[in-house]
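Open the model in your viewer and keep the sequence panel beside it. This tour goes stop by stop, telling you what to select and what is there.

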Amino acid sequence: MSEKFLTFDCYGTLLNEKPTYAAVAAAAQRIGVDPQVARQRFIAYQSNRDNMHPYLDYAVLTRNNLIHLDYQFGLRHQFERAYVDVLIAHRSLPPFPEVIPTLETLRQRGYHLIMMSNSSWDIIPANVAALTVPFDVWTAEDVHAYKPDLHFFKTVEREYGLTPQNHWHIAQGYGSDIVPANQLKWPSIWVNRAQDAPSAAARPTQMITTLDQALAYLP
């Protein structure tokens, strides 16, 4: 029997990012600025590819984000002081409730699990440990590119010999994962927890709202 592979996004798909954003909001509360605005601006900066070129480590990206928040609010070194708190929160993200049982079932079904994360090796080991299930791990640091850069996807594709017959890509990120998967004709499952509408023409092969629903498509 030939090997079968599943590639996964990490944040938002397997791990709940709310504690990272809560740390940013808590810093805003201490500083005395609007926590919700700070949270939204942090998320927007972290997802903007213009802030990732040339490649820089995820921790550096996070620190730059906090410095940018200081600039946005007319502050000096206020959000930047929360850098360690934000990184600790990010390293300590919990899995969504259904994730570990689902991953264990997929392993029992013979799937080779591969993580593709816009992260770096000073952060990702703690995230992987929280999942308790063996993964091959690829980070933006490994390929010096952040998703949705196709270089990331093609590197992993070559490494494992991924084909539409032996592989599915599973992710929460529409623009970062589902769009490039569609470009490469990878079968994909969009874990659309927020039930967002697609923002482009790309469509996943299947759409679900919690990871356990993927079991119906992965015998």
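Helices here are DSSP runs of H or I with at least four residues, numbered from the N terminus. Keep in mind that this is a predicted model.

**Stop 1: a loop with a cis bond**

Select P148. This residue is found in the loop between α7 (140-143) and α8 (150-160). The peptide bond joining K147 and P148 is cis, and its omega is about 15 degrees.

**Stop 2: the loop between α2 and α3**

Go to P54, which is found in the loop between α2 and α3. Show H53 as well. The peptide bond from H53 to P54 is cis, with omega near -10 degrees.

**Stop 3: the loop between α3 and α4**

Select H77. Look for this residue in the loop between α3 and α4. What is its phi, positive or negative? H77 is not a glycine, yet its phi is positive, at about 60 degrees.

**Stop 4: α2 against α3**

Colour α2 (35-47) and α3 (58-72). Their axes are 10 Å apart, and the two helices pack at an angle of about 135 degrees. Angles over 145 degrees would count as roughly antiparallel. α2 and α3 are therefore oblique to each other. The crossing of α2 past α3 is right-handed.

Next, show the side chains where they touch. From α2, select A38, R41, F42, Y45 and Q46. From α3, select Y58, L61, T62, N64, N65, L66, H68, L69 and Q72. Colour this contact by residue class: 7 are nonpolar, 6 polar and 1 charged.

**Stop 5: α1 against α4**

Now select α1 (18-31) and helix α4 (residues 83-91). The two axes come within 8 Å and cross at roughly 155 degrees. That angle is over 145 degrees. α1 and α4 are therefore roughly antiparallel to each other. α1 passes α4 in a right-handed crossing.

Which residues make the contact? On α1, select P19, T20, A23, V24 and R30. On α4, select D85, V86, A89 and H90. This contact holds 5 nonpolar residues, 2 polar and 2 charged.

**Stop 6: the largest pocket**

End at the largest pocket, which holds about 870 Å³ of space. To find its centre, select Y11, E17, Y21, I43 and Q172, the lining residues that lie nearest to that point. In total, 32 residues line this pocket.

Which elements give two or more residues to the lining? They are α1, α2, α3 and α9 (174-183). The most comes from α2, with 5 residues.

Finally, colour the lining by class. There are 11 nonpolar, 12 polar and 9 charged residues around the pocket.

Conventions:
Residues are numbered from 1 along each chain as its sequence is written. This is a predicted model: local features need pLDDT of at least 70, side-chain atom pairs count only at pLDDT 80 or more; totals for chains, interfaces and linings use all residues. Side-chain values use heavy atoms; hydrogens and water are left out. On a 1 Å grid over the protein atoms alone, a cavity is a set of points where a 1.4 Å probe fits but cannot get out, and a pocket is an open set with protein on both sides within 12 Å along at least five of seven lines; lining residues have an atom within 4 Å of a point. Grid points are joined across faces, edges and corners, and a volume is the space filled by probe spheres set on the points. Ala, Val, Leu, Ile, Met, Phe, Trp, Tyr, Cys and Pro count as nonpolar, Asp, Glu, Lys and Arg as charged, and the others, Gly among them, as polar. Axes are lines fitted to C-alpha atoms, for helices over the stretch in contact, and angles run from 0 to 180 degrees between N-to-C directions. Angles under 35 degrees count as roughly parallel, over 145 as roughly antiparallel, 65 to 115 as roughly perpendicular and the rest as oblique. A crossing is left-handed if the near helix is turned anticlockwise from the far one by less than a right angle, and right-handed if clockwise. Contact means heavy atoms within 4.5 Å.
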